[in-house]
Each structure stands twice: as C-alpha cells, then as structure tokens.
Amino acid sequence: MKKLAIIATLVVLAASVVFAQAKQSAVSKEVMDRGKTIYETNCQACHQPNGMGVPRLNPPLAKTQYVVGDKARLIQIVAKGLNETIIIDDEEYANPMPAFPQLTDQQVADVLTYVRNSFGNKATPITTAQVKVERAKIK
Amino acid sequence: MKIKMIAALKSATLLLVSFMTIGTAVIAQLPLVDIKVPAGFNASLYAEGIGRARHLVVNKNDKVFVKLERLSKGNGIVELAESKTPGKAEVINAFASYTGTGIAIKNGYLYATSNTEVFRYKLNSDMEVISTEPELIVTGLIDRRQHNSKSIALDNAGNLYVNIGAFSNSCQEKDRQNGSLGMDPCPVLDSAGGIWQFTADKLNQTYKDGSRYATGIRNVVGLDWNDEINELFVMQHGRDQLGSMFPNVFDAQKVDELPAEEMFLVKKGMNFGWPYCYYDPIQNKKVLSPEYGGDGKKIGRCAEMQDPVVAFPAHMAPNALLFYTGTMFPDRYKNGAFIAFHGSWNRSVNGQEGYFVAFVPFKGGKPSGKWEIFANGFAGMEKVVSTGDAKYRPCGIAQGPDGSLYISDDNKGNIWKITYNKNTAANIVGSANNNLATAP
C-alpha cells in the first residue's frame, strides 16, 4: 500500500513536471529574440556561442543550477558580478564575471529568460519586476 | 528495360555498399585526428587519456614526466614509458599530491610546480626519481584563480625563473567590467604580472628571497631558457575583451585581431607594459590601453616599454615554448622556437584560432624568418566556433634525447610524438599552411 502511494505520488509529480515544462516553453519569440541579441553582445564572448563556456576559465550556462535554479541568485550574479570559486561538474572556473550596470532591468530579464531557455535549458522566465527587486537589494 | 534498370541499380547499390564498407574500414584504422606536419615529419600518438596533461619533460632514457592539472588516482605527476602497443605509453610511476603546470629537469633534479609552490625531486644516474617526497624550493606564490598556473625555466647559472601571472585582465578597478578604468599604478604588479627569479637549489624561498626579474607581463604559461645566447624567452597571453569592454574605441570587425600574442626576450629589469599598453599587430606598435586613456592610437608611456621579438595573432593562448637543440630535425629547425598554442576563446567575430604548434626559425638568438604553422589539426575540425568544441588543445612541448618532439594536450590527455626521417615522405604531404601564417 505504501509502495502504491509512493508510485502514485511519483506519477503525479512527473505529470506536473511535464505540465510545468509545457507551460515554461511558452516564452514569446519576441523575448527570446531580444534576449539573443543581448546575449551575443554581452555574454557570448565568454560563455561561447554554444553556452558551454571555456574549460577552466568561463563556466557553462547549459544545464547548471546557477542558471536554471534559484532566480534571485541568477539575477544577483548579473547585477553584482561574481568573483569566487565556481565548481561545476568537478571543473573549476578561474575568470571573474563582471557586473552589468549598463543593462536595463528589462534587458537583464530578457537575456536571463533567454539563457534559461537555450542550450538545452528549459526554465521559467524572469520578469523585469524580479530584476528590479534584486537590483534594489544591492543599491 | 525495366528489369535492366533494376539490375543496374542493384549492381550500383552493391558497388556503393562495398565502397562504403571499404570506407568504414579505412576510417576505423585512421588515428583519432590527423595531425598535419611538414613533409618528412611524422606525428604519431604516444599516449592517450592520461589526464589533464600540462607541461612535460623527457629524461635521457626516453621516460616522459607529465605534470597534471587534475589529480589522476591521487597523483599530479605521471611518468610514462613506451609500450609494445603504439599510442599506448604505460604509466610506470605516479606521484605528487598537488596539481599544477610546470615541470623541468636540471642538474640532476626534476622540478615541478603547484599554483603556489615549486618543488624538486632528486634523480638517480638513470634519471629516475629517488624519492617521491619532494624538497620545497619556493612557497607562498600568489594564486587568485585568474592566471594562477606557475611555469618554470632554469638557466645555467643556478637560477630558477617562475611566471607569476596577473590576477586580473587589465588591472581595471572592476575587473572585466565595461568602461571601468585602470588602477594607476597597478597594484597587481607588486606580486604578479611578471617573471620572478629564485635560487634553484635553496629551500623554502618566498617572495622576499627572490626578485622580480621583469615586469609588465600579463600572463605567461610558456617560457624557455635559450642556451644559444643564454637568455630567457617567454610567451605572453595578451589581454582579453578590448573590443567588448570599450565598444566606442574599437571597430567591431577588428577586435578579434587585438592585441597580439607576444614573444619577449626577457632581460633583468625590463618592463613590457601590461596593463598600461598592448601591442597592436596591425599598427606594429605598443599603444595605450583604453583603461589608461588610450584611443587605439595614443602611445604615451608605451614608448618606453619593450617590444616583442615576435608578434602572433591575438588570443591564440601560447602555452608552451621550446628552443630546439636536437639534431634529428633539418638544420633550419636548430635553435628555432616551437610554440604550442592552446587555441582561442576570445575571437567572437570570426571564430576561434590556434590549436596548433607553430615554429619560428632563429639565428643567433634572433628570429630569422616569419612564424609558420608546424603541426596542426588538434582541434579535429576546420573551424572552431565554441572553444569547448575543440577536440584536443596543445599545452606542452618537450624534446626527447634523440631530438624528437612531444606535444601534450590538456583536454583529453593525449601526447603525440613528432619525428623526422628525411628518407620517408610525411604522412600528410605538404606543410600545414593556413592563411594566418602570413600574419606578422
């Protein structure tokens, strides 16, 4: 009986994940296009056209919790920069990430939504309001 | 008619299938990638998948010591010997509990580095390590992640030279941030951004026991002592992101080519200009960095900085330098410089470059001709778009006792051995030309 309950819970969980993913893919083409342009100008040199970064130097954006996980942390990285040891899949990355004060809240939201839904990633979009909240914390 | 056509089709298909079978069989026998070398040379796989192979050195009995950037079964140095299976050199010894880049043999010792220290191991008359417990030669060198690998060279007067890379791209107040200005004077230069000299056989040295031999060098991974003229030569990794951080100063189409990767002849007290200056290979001169008021043309204080002896295309990341002293290769290679380029990541407009071994002919300690590509094909593809796509990345060069060259790859941990036989044609005919070879 316990087993059945666990299986049922798993089925419900799996279904909700599938449903959530279906919902998440509903990022508008407009946002993705804007995000792509910002990515190419500001991010691509280091994180590379395939989003895989550079071994030892610049971390990948594909399939890492830094990108598809906690939104507040992700926004903070763009808002404040990041100069600490980053280890992803046993690889340590050396280069610091600068802050991007030159980007507007909407540009940050667009580019983060873009990276959360590119390179094999699929995650909920980031809104301008969320960026505003996180940036206010560091001012 | 219909039957004839079907018959013809059938035989054509059969033919195609047999061709495909032959094709597959041939492909299966080919090496992992074709390393293209000039006529008369042969590049063969020596070892495969031995770990993050950085620099390497060969003893007089053809044993290869390799410094690893990541521990392999708990060891940071592996010693290899040729086995009966081609391309599968065996690990005959493994030791050192630290990761790092530098390794060298001098005066009966094997020297090796972590990112903060230099160690050495006494060798016996067979050039084997007597004890895997090292002596600590230098300790406390700065490691702030960026450009932290320590490379070494030793002269013939008992001195040890260590690169201490700058923990910064261009000494901006905010590292790598758009428009952030440079600190002046740059405080990084007190403890990094140069070559330090220590005593080769004195234990437990720190910064205060050594001296800053030369400054204004952003980061060096490849360096070598030139025995012909008794001088130190180093390969600088030029700064990143000139164009992306200062889009108002630079033409987007040209930023891939700025600044040059430079070879320096380093004498005591010299200043090569980082972070205040960079070398523009289009104008053939050092100009002021935009962080210090530069506009792509202004020279200012850069007039007093040392120029390179060779300028290479930007961002190709020279990770090893070796002056060839062997007799196996033709005369024009004698005393010339081999450089292993790790391959670029910061060429975002036209795609990445590098991932090859270059050669510069030298006479009397001076370049006597243009640089050329010597061994190419490590990336395993014509054009690398994203750096991570490159299959192999050259990182170290060593010379064997017979004059053969060993090239290490720190991506998959392969080592290739390059030999020359004037009586045989190269496995791939012709020198590995590429339009980059016409650059300065």
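## A hairpin in chain B

S72(B) stands opposite N75(B) in strand 4 of chain B. Strands and helices here are DSSP runs, numbered from the N terminus: E over at least two residues for strands, H or I over at least four for helices. The model is predicted, so local features need pLDDT of at least 70 and side-chain atom pairs count only at pLDDT 80 or more, while totals for chains, interfaces and linings use all residues. Residues are numbered from 1 along each chain as its sequence is written, with chains lettered from A and ligands numbered from 1 in the order in which they are written.

Strand 3 (residues 64-72) of chain B runs antiparallel to strand 4 of chain B, and five bridges join them. Two strands count as paired when DSSP finds at least two bridges between them. The two strands form a hairpin with two residues between them. In that turn, K73(B) has a positive phi of about 50°. On to the next partner: strand 4 of chain B also pairs with strand 5 (residues 90-95) of chain B, antiparallel, over five bridges. There, A81(B) stands opposite E90(B). Strand 4 (residues 75-81) of chain B is mostly covered, with five of its seven residues buried. Buried means 20 or more other C-beta atoms within 10 Å of a residue's own; exposed means 12 or fewer; partly exposed lies in between; C-beta atoms are placed from the backbone.

Strand 7 (residues 109-113) of chain B runs antiparallel to strand 8 of chain B, with five bridges joining them. Y111(B) stands opposite R120(B). The pair forms a hairpin with four residues between the strands.

Strand 9 (residues 135-138) of chain B pairs with strand 8 of chain B in the antiparallel sense, over three bridges. In this pairing, L136(B) is the bridge partner of F119(B). Strand 8 of chain B is mostly covered: four of its five residues are buried.

## Helix packing in chain A

Two packed helices are described by the angle between their axes and the distance between the axes. Helix 2 (residues 29-42) and helix 6 (residues 105-116) of chain A have axes that come within 7 Å and cross at roughly 95°. Axes are lines fitted to C-alpha atoms, for helices over the stretch in contact, and angles run from 0 to 180 degrees between N-to-C directions. The two helices are therefore roughly perpendicular, a label for angles of 65 to 115 degrees; under 35 counts as roughly parallel, over 145 as roughly antiparallel, and the rest as oblique.

Helix 2 of chain A contributes V31(A), M32(A), R34(A), G35(A), K36(A), I38(A) and Y39(A) to the contact. Helix 6 of chain A contributes Q107(A), D110(A), V111(A), T113(A), Y114(A) and V115(A). Contact means that C-beta atoms, placed from the backbone, lie within 7 Å. The contact residues divide into seven nonpolar, three polar and three charged. Ala, Val, Leu, Ile, Met, Phe, Trp, Tyr, Cys and Pro count as nonpolar; Asp, Glu, Lys and Arg as charged; the others, Gly among them, as polar.

## The interface

17 residues of chain A are in contact with 18 residues of chain B. On the chain A side, the residues divide into 10 nonpolar, seven polar and no charged.

## Backbone exceptions

Most residues other than glycine have a negative phi, and most peptide bonds are trans. The bond from D184(B) to P185(B) is cis, with omega near 0°. P185(B) lies in the loop between strand 11 (159-164) and strand 12 (194-199) of chain B. The bond from W274(B) to P275(B) is cis too, with omega near 0°. P275(B) lies in the loop between strand 16 (261-266) and strand 17 (277-280) of chain B.

K63(A) is not a glycine, yet has a positive phi of about 50°. K63(A) sits in the loop between helix 3 (44-47) and helix 4 (65-68) of chain A. N204(B), also not a glycine, has a positive phi of about 55°. With 11 C-beta neighbours inside 10 Å, N204(B) counts as exposed.

## Chain B and confidence

Chain B has two helices and 28 strands. Of its 440 residues, 50% count as buried.

The model scores ipTM 0.84 and pTM 0.88. Mean pLDDT (the predictor's confidence in each residue, from 0 to 100) is 90 for chain B, with 89% of residues reaching 70 or more. Where pLDDT is low, the predicted coordinates should not be read in detail.

Terms used:
Contact = placed C-beta atoms within 7 Å.
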